[in-house]
Amino acid sequence: MAALADARDLPDGPGRLVALERVAERADAAEDVRSGLDARFALIEAYLLHGERWRLIEPLRRCLAAVDRWPALLTDAEAELLPRYQRYAVEALLGTPRVGLDQTRLLLDDLAHRLGADGPDAPMVAELRCRVADHLGDEPTARHFFQGWAGTRSGPAGGCPGCAPARRAELLAGWGEWQAAHTELEASSAGAQECTDQPERALVAGLLPLSRVGEPEQAAAAHVRAYRRHRRERSAFPYLATHLRFCALGGHLDRGLAILTEQLPRLDRPTDDLAAMEFAAAGALVCALADEAGLGDRTVHRPAYGERPAAELDVTTLGSLLLGIATDLAGSFDARNGTGHQSGRMAAWLAERPSVATVPLPAPAENDSDDRPGADEAGIEPGAADAGTEPDAEADAASEREVMALTTDMITSTLDRRGDRYLVDDGGTVVGRWGAAVIQFRRAGERGEVLHTRAMAARRLPTARRAEAYAFCNAWNHDRLLPKAYAHDLDTEIVLAGDMATDLTHGVAPAQLLVLVDAAIATGVAYAEAVADLP
């Protein structure tokens, strides 16, 4: 339907979500089940893009009800997507207390029924039951379902197989099974390369196990390598707590404070509540140990956010603030769960103390001193962090060719290199103005692996020139490859825009991304100038 197409074409943000919700409601009122399904699939995708898994449950419930009544409505692609979305909805329980426990259990039971006990995705159900039980503090039940998940490979709805060993290692480490966690990661190191999040995610999962099984040097090297990537990726925020705990328990307090200072602004916009709780607790641990070491008077800059002014906080005060955040969030989880497990887990973290000898951190091998956390931050002396080496031309070239997963930070870094000015909205969309064009860069796709660029001409045409606008777009698409041009009718005026999408499932090197961004801006500006030249 036209209204759905218009809603999908809106820029990313709350307005697009509201428009999709309205389309779904209108489809329900008209008893147009097919359009309602289309709108809700688009809405679920939009929620995932904005990191709001907890909002999936209602549109997902409507989709499941429609499919149960009219099974033939689903396409093959939708039939494959639906159990994956249902898994995401169940996982939302782990990330936020805003999702009901009974509601999630019903979704999980329904998912198990749909997939069957002997289906290819049965290990995924075992994993979800294991992780939910562990979240509630029911370790015996979690261990029971762990056995049905360990050593398996789930079907298409089961998530990234390359990351499954890291998820298992995280559970084992949480149970104090350090050697088992280390063994899990070692046995699966080859398969982990299937995912663009690897090897860094597995390296983080192994930080504390390596330290506890007598391999502190390997843990130090893993931390340096993984943090080099995670320091700039928004999606890597959940891993920062482990980096901070490693620094605290490994005796690297200066580095821990530097990382905390550098990453503190991200606590204002976390990926989810669980990640915020763990980051705050790990940061409070770093501050507590630094205070015990006589560093409590050191100051940390906390930038302004919303109505909160910027402030210079001493380490002791910052530790108290972070402790309060972690305690409040853990209490919210426990109130929903009916247990005290999350509060107890965070208290156990805060009671930890270093148990291994401190080993030096290796210097980064393929990047310059800017990779040292805190090197460009006020409040922490950069020299206190581990020293790096100045790169030579060969190292610079190697870094430019290194393939990694696409991130918003990579996009902004590329624009910084070009000297461009831009803004980043709450959803991670990068927006800038180049001459007659307003251009957006965002990560699309299930895992943000698609670079999607939208160029909008500053000049808009009156609706009376609709036929002329369509003719212009057709002519542009006939003669040129980029961007794909279209006219968006806003009732009162027509916006002429162009799209480009590049699938980067296997990653992208900085040098390659620079070429893609250069091409997007050049063709987007040419398109906008052509619009401006219309009579």
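1. In this predicted model, Arg62 and Glu58 form a salt bridge, with 3.1 Å between the closest N and O atoms. Both residues belong to helix H4, and they sit four residues apart, about one turn of the helix. Arg62 is partly exposed at 36% relative accessibility, and Glu58 is partly exposed at 37%.

2. A second pair to look at is Arg465 with Glu468, whose side chains meet in a salt bridge at 2.6 Å, N to O. Here Arg465 is buried, with 18% relative accessible area, under the 20% cut-off for that class. Glu468, at 32%, is partly exposed.

3. The side chains of Arg53 and Glu91 also form a salt bridge, at 2.6 Å from N to O. Arg53 lies in the loop between helix H3 (33-49) and helix H4 (57-69), while Glu91 lies in helix H5 (residues 76-95), so this pair ties together parts that are 38 residues apart in sequence. Arg53 is partly exposed, with a relative accessibility of 32%. Glu91, in contrast, is buried at 12% relative accessible area.

4. Which residues are linked with Arg53 and Glu91 in a network of salt bridges? The network also takes in Arg87, Glu127, Arg131 and Arg167. Over the whole model, the count comes to 38 salt bridges. As background, side chains of opposite charge can pair when their charged atoms come close.

5. Two members of that network, Glu127 and Arg131, are among the buried residues of helix H7. Helix H7 covers residues 122-136, and its 15 residues should span 21 Å at 1.5 Å a residue; the end C-alpha atoms are 22 Å apart, which agrees.

6. Is H7 enclosed or open to the outside? Of its 15 residues, 12 are buried, so H7 is largely enclosed by the rest of the structure.

7. What do the buried residues of H7 pack against? Their partners are H5, helix H6 (101-115), helix H8 (139-149), helix H9 (164-174), helix H17 (315-337) and helix H18 (341-351). H5 is also the helix that holds Glu91.

8. A last point concerns the residue after H7. Gly137 follows the helix, and its phi is positive, near 90°.

Methods
Residues numbered from 1 in each chain as written. Predicted model: local features only at pLDDT ≥ 70, side-chain atom pairs only at ≥ 80, totals over all residues. Heavy atoms only, no water. Salt bridge = Lys/Arg side-chain N within 4 Å of Asp/Glu carboxyl O. Helix = DSSP H or I, 4+ residues; strand = E, 2+ residues; numbered from the N terminus. Buried < 20%, exposed > 50% of the residue type's maximum accessible area, 1.4 Å probe, protein only. Expected span 1.5 Å × (residues − 1). Contact = heavy atoms within 4.5 Å.
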